[in-house]
Amino acid sequence: MAVLLVAAGCSGQASTQEQPEEPKGPGLTPGERAAIEFYKAKYVDGDEKRAQKLAGKDRTGIVRKSTNGPIEIQPMKGETLTESRGTYYIRMPDQTYIRVEVYKEDGEWSVFDHESINQIEINQFADEDSWKRVERP
């Protein structure tokens with residue numbers, strides 16, 4: 001009987017490790033979660049395969065591993081968000097920014113485009129009062 005319990009416990013752990021942990025934050029939309037999933041794969045976990053799966057091999061750029069500190073996210077000001085497309089700014093723990101454009105096709109979210117951006121673009125296309133804080137991306 002103990003062997004069955006151990007085997008059942010091991011099989012349960014394997015299935016939870018396959019699924020990425022949901023980001024912890026206030027009312028995140030599916031588009032925001034997709035952008036954060038890409039951020040985490042590329043900038044936190046350093047998971048090149050996952051980042052490439054989300055963005056395509058030619059668009060991932062440098063993948064690095066860093067701490068999983070709090071980030072902030074918001075949609076691009078003036079952007080029309082839909083159920084299947086959105087552009088988001090992410091303020092990383094080191095106070096630098098990336099822009100991530102995501103879309104949903106055949107039920108799967110993917111990254112259409114992403115890039116590091118500067119403070120001038122943030123000042124122009126972000127709303128300082130609209131950041132959502134995400135404690136554990």
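User: Which residue stands opposite P75 in β2?
Analyst: Strands of a sheet pair through backbone hydrogen bonds, either parallel or antiparallel. Here P75 stands opposite Y88 in β2. Four bridges join β1 (residues 71-75) to β2, and the two run antiparallel. Strands are DSSP runs (E, at least two residues), numbered from the N terminus; helices are H or I runs of at least four. Two strands pair if DSSP finds at least two bridges between them.
Analyst: This is a predicted model: local features need pLDDT of at least 70, side-chain atom pairs count only at pLDDT 80 or more, and totals for chains, interfaces and linings use all residues. Residues are numbered from 1 along each chain as its sequence is written, and side-chain values use heavy atoms, without hydrogens and water.
User: In what order do the five strands form the open sheet?
Analyst: The order is β4-β3-β2-β1-β5, with antiparallel pairing. β4 (108-117) and β5 (132-134) are at the edges with a single partner strand each, so one side of each lacks a neighbour in the sheet.
User: How many bridges join β2 to β3?
Analyst: Seven, and the strands run antiparallel. R91 stands opposite Y97 in β3. Y97 also has a bridge partner in β4, I117.
User: How many residues of β2 are buried?
Analyst: Six of the seven in β2 (residues 85-91) are buried, meaning under 20% relative accessible area (1.4 Å probe, protein chains only).

Conventions
Buried means under 20% relative accessible area, exposed over 50%, partly exposed in between (1.4 Å probe, protein chains only).
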